[in-house]
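Here is a short briefing on the helices below. Keep the sequence and the 3D view open while reading.

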Amino acid sequence: MYLIIVFGNLLIILAVGSDSHLHTPMYFFLANLSFVDICFTSTTVPKMLLNIQTQSKRITYEGCLCQIYFFVLFAGLDIFLLTVMAYDRFVAICHPLHYMVIMNPRLCGLLVLLSWVMSILHSLLESLMALQLSFCTEVEIPHFFCELNQMIHLACSDTFLNNMVMYFAAMLLAGGPFVGILYSYSKIISSIHGISSAQGKYKAFSTCASHLSVVSLFYCTSLGVYLSSAAPQSSHASAVASVMYTVVTPMLNPFIYSLRNRDIKEALLRFSGLTALKGSIVLG
Ligand SMILES: *[C@@H]1O[C@H](CO)[C@@H](O)[C@H](O)[C@H]1NC(C)=O
């Protein structure tokens, strides 16, 4: 599954980069999302695979903090990029005539930069707070990676401030983008409702169907994890549920986008044709 994630998302980045038909804001954001998905899974899965291979479940304190830092960073980036993509669809469908003017390269770059800066600051805050915690003895984390929530639970020192910051940031970071996405889609749906022809309705909706699938997948799995971890004595269940959003969601993203989308399919075909051609020239 890890290889599928890396190669599937890499293929999307290459397809978007190599094909000038796909040099639009929507596909630039998609390529960014693919890049973040590769990084996101690479913070947890390789270490887990190593643990399985060496039959040792140890991780150093520094390694653990590192994992927390990058995990929080890329999870935040995932959410921000999904929100930016929802805004992009909102402009494309509700203001189609101004789309090229509003979503100019400068604004696109700014939105991506802003997502990075906010995620870095948030993750820095969370991991610096985790750095203050002290642990009594060797601790055992009932999870397959160092999760911030579990670390805070296992600390010996006072964790009130950590919990406050974590829940407040989670509310702000998951709730804010969620409201933004919801608002964009309510506008999109009311705008599509106004289109009279069935064909026009379908055409408008099909451009955001892939994005809507990815967003629902991301939020549903995260909500599942949250609900399953809210129940007591179920850290095992929550670890199983985390596999969903750390592995399954990033794996499905490329499939959702490439199977449903003709532009991406064509770009991939052109891309593979191009490399085959180059190969035959070398062979010749
Ligand atoms: C990410 O988005 C920016 C801004 O649209 C774009 O310039 C850049 O190429 C994208 N990154 C990738 C990996 O496609």
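The end C-alpha atoms of residues 164-183 lie 28 Å apart, and the span is 100% helix with 0% strand. This is a predicted model. In an unreviewed entry, UniProt lists this span as a "transmembrane region", together with 68-87, 107-125, 204-227 and 239-259.

**Annotated spans**
- Residues 68-87, another span that UniProt labels "transmembrane region", are 100% helix and 0% strand. Their end C-alpha atoms are 29 Å apart.
- Residues 1-17 carry the UniProt annotation "signal peptide", again from an unreviewed entry.
- In the model, residues 1-17 are 94% helix and 0% strand. The end C-alpha atoms of that span are separated by 24 Å.

**Helix H8**
- H8 covers residues 160-193, 34 residues in total.
- From its first C-alpha to its last, H8 reaches 48 Å. That is close to the 50 Å expected at 1.5 Å a residue.
- Buried positions in H8 include Asn 162, Val 165, Met 166, Ala 169 and Leu 173. Further along H8, Pro 177, Ile 181, Ser 184, Tyr 185, Ile 188 and Ile 192 are buried too.
- An α-helix has 3.6 residues a turn, so residues three or four places apart point the same way.

**H4 against H8**
- The axes of H4 and H8 cross at roughly 20 degrees and come within 9 Å. Angles under 35 degrees count as roughly parallel, so H4 and H8 are roughly parallel to each other.
- The crossing of H4 past H8 is left-handed.
- On the H4 side, contact comes from Ile 79, Phe 80, Leu 82, Thr 83, Ala 86, Tyr 87, Arg 89, Phe 90, Ile 93 and Cys 94.
- On the H8 side, the contacting residues include Leu 173, Pro 177, Ile 181, Lys 187 and Ser 191. Ser 184, Tyr 185, Ile 188 and Ile 192 of H8 also take part.

**H2 against H4**
- H2 spans residues 25-42 and H4 spans residues 61-94.
- They pack at about 165 degrees, with axes 9 Å apart. Angles over 145 degrees count as roughly antiparallel, so H2 and H4 are roughly antiparallel to each other.
- H2 passes H4 in a left-handed crossing.
- H2 contributes residues including Pro 25, Met 26, Phe 29, Leu 30, Leu 33, Val 36 and Phe 40 to the contact. Asn 32, Asp 37 and Cys 39 of H2 are also among them.
- H4 answers with residues including Phe 71, Phe 74, Leu 77, Leu 81, Val 84 and Met 85. Asp 78, Asp 88 and Arg 89 of H4 belong to this contact as well.
- Arg 89 of H4 touches H2, and Arg 89 is also listed in the contact with H8. Leu 82 of H4 likewise contacts H2 and H8.

**Length and burial of H2**
- At 1.5 Å a residue, the 18 residues of H2 should span 26 Å. The end C-alpha atoms of H2 are 26 Å apart, which agrees.
- H2 is mostly covered, with 14 of its 18 residues buried.

- Pro 46 sits in helix H3, residues 45-54. Pro 46 counts as partly exposed because its relative accessibility is 31%.
- Tyr 2 is 44 residues from Pro 46 along the chain, yet their C-alpha atoms are separated by 8.2 Å.
- Beyond its neighbours within four places in sequence, Pro 46 contacts Tyr 2 and Thr 41.
- Leu 269 lies in helix H11, residues 262-283. Its relative accessibility is 63%, so Leu 269 counts as exposed.
- Leu 269 and Ala 15 are 254 residues apart in sequence, but 9.1 Å apart in space, C-alpha to C-alpha.

Key. Residues numbered from 1 in each chain as written. Predicted model: local features only at pLDDT ≥ 70, side-chain atom pairs only at ≥ 80, totals over all residues. Heavy atoms only, no water. Helix = DSSP H or I, 4+ residues; strand = E, 2+ residues; numbered from the N terminus. Expected span 1.5 Å × (residues − 1). Buried < 20%, exposed > 50% of the residue type's maximum accessible area, 1.4 Å probe, protein only. UniProt positions renumbered as here; feature names shortened; annotations may be inferred. Axes fitted to C-alpha atoms, helices over the stretch in contact; angles between N-to-C directions. Parallel < 35°, antiparallel > 145°, perpendicular 65-115°, else oblique. Left-handed = near helix turned anticlockwise from the far one by under 90°. Contact = heavy atoms within 4.5 Å.
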